[in-house]
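Welcome! Please take a moment to look over the sequence and the 3D structure before reading on.

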Amino acid sequence: MALSIWEMLAVFGAGTAAGAMNTVVGSGTLITFPVLLATGLPPITANVSNALGLVPGSISGAIGYRSELKGQTARVLRLGVAALLGGLVGAILLLALPSDAFDAIVPVLIGIALVLVLLQPRIGAAVQRRREANGTEAHPHGGAALLVGFFLASIYGGYFGAAQGVLYISLMGLLLNDTLQRINAVKNVLSAVVNGVAAVFFLFVAEFDWTAVVLIAVGSTIGGQIGAKVGRRLPPTVLRGVIIAVGIVAILQLTLK
């Protein structure tokens, strides 16, 4: 179907806003997906077009956070494998299963993630005290628990993706001894991995609206750079507050739709 000029502007604007939001915290899909549906696109077409269009935005955001990625290559590669496999499984499930089961569990997953983000400073401090008492060090890459958590979160990300960044940040915040900004930088790279592998899979089995893909891709690329400039300046407390606020909006939108 052909988009009108106003619909094209709306999709481009949504892509820009989503690119910025994804770089700062995630959940940009909650902006673009409803706009695509409003243009008349079928849900599956809207979802796969959105996934492909947001890939350049995730890459743009990762480039904007390149200084925070220094020294994290091994971590990114290790978690990237789990993200890639999980994203592929999620993409397959999108086309193979009805959405009812995921629609029920997604708000719960986001809610749990928000609680973990909110309590992460206290939980992290308690974990660190216990490590010091036992004379042990945190695993530099989060260990098996983080790999399993990332695989499961990436299944969700390949399926839909809204608030997957919140899930990633909550997992890494609990299991890695690192700053929130460096964790956010890793989140941007791994979000690009999940969206990318899902989009490649969809290229062979699903129908895209290429006008929407291009508009979201250009908009999200611009938004990724904007988000990187804003997000890198946010103190940890403010960034955590933004994450929680976005997650609450995600839960409301998913449960009240």
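Here is a short tour of a helix pair and a group of salt bridges.

## About the model

This is a predicted model, in which local features need pLDDT of at least 70, side-chain atom pairs count only at pLDDT 80 or more, and totals for chains, interfaces and linings use all residues. Residues are numbered from 1 along each chain as its sequence is written, and side-chain values use heavy atoms, with hydrogens and water left out.

## Two helices side by side

Let us start with helix H4 (residues 55-64) and helix H10 (residues 210-231), which pack with their axes 7 Å apart, at an angle of about 25°. Axes here are lines fitted to C-alpha atoms, for helices over the stretch in contact, and angles run from 0 to 180 degrees between N-to-C directions. Helices are DSSP runs of H or I with at least four residues, numbered from the N terminus.

On the H4 side, the residues that meet H10 are Pro56, Gly57, Ser60, Gly61, Ile63 and Gly64. Their partners in H10 are Ala217, Ser220, Thr221, Gly224, Gln225 and Ala228. Four residues of this contact are nonpolar, eight are polar and none is charged. In this grouping, Ala, Val, Leu, Ile, Met, Phe, Trp, Tyr, Cys and Pro count as nonpolar, Asp, Glu, Lys and Arg as charged, and the others, Gly among them, as polar.

## A closer look at Thr221

Thr221 lies in helix H10 and touches Pro56, Gly57 and Ser60, leaving aside residues up to four places away in sequence; contact means heavy atoms within 4.5 Å. Thr221 and Gly57 are 164 residues apart along the chain, yet their C-alpha atoms are separated by 4.1 Å. With a relative accessible area of 33%, Thr221 is partly exposed (buried means under 20%, exposed over 50%, partly exposed in between, using a 1.4 Å probe and protein chains only).

How many salt bridges does a search of the whole structure find? There are two, each being a side-chain nitrogen of Lys or Arg within 4 Å of a carboxyl oxygen of Asp or Glu. Arg75 pairs with Asp178, their closest N and O atoms being 2.8 Å apart. This pair links distant parts of the chain, 103 residues apart: Arg75 is in helix H5 (residues 73-96), and Asp178 is in the loop between helix H8 (164-175) and helix H9 (180-205).

Asp178 also meets Arg182 in a salt bridge, at 2.9 Å from N to O. Arg75 is buried at 9% relative accessibility, whereas Asp178 is partly exposed at 24% and Arg182 is partly exposed at 23%.
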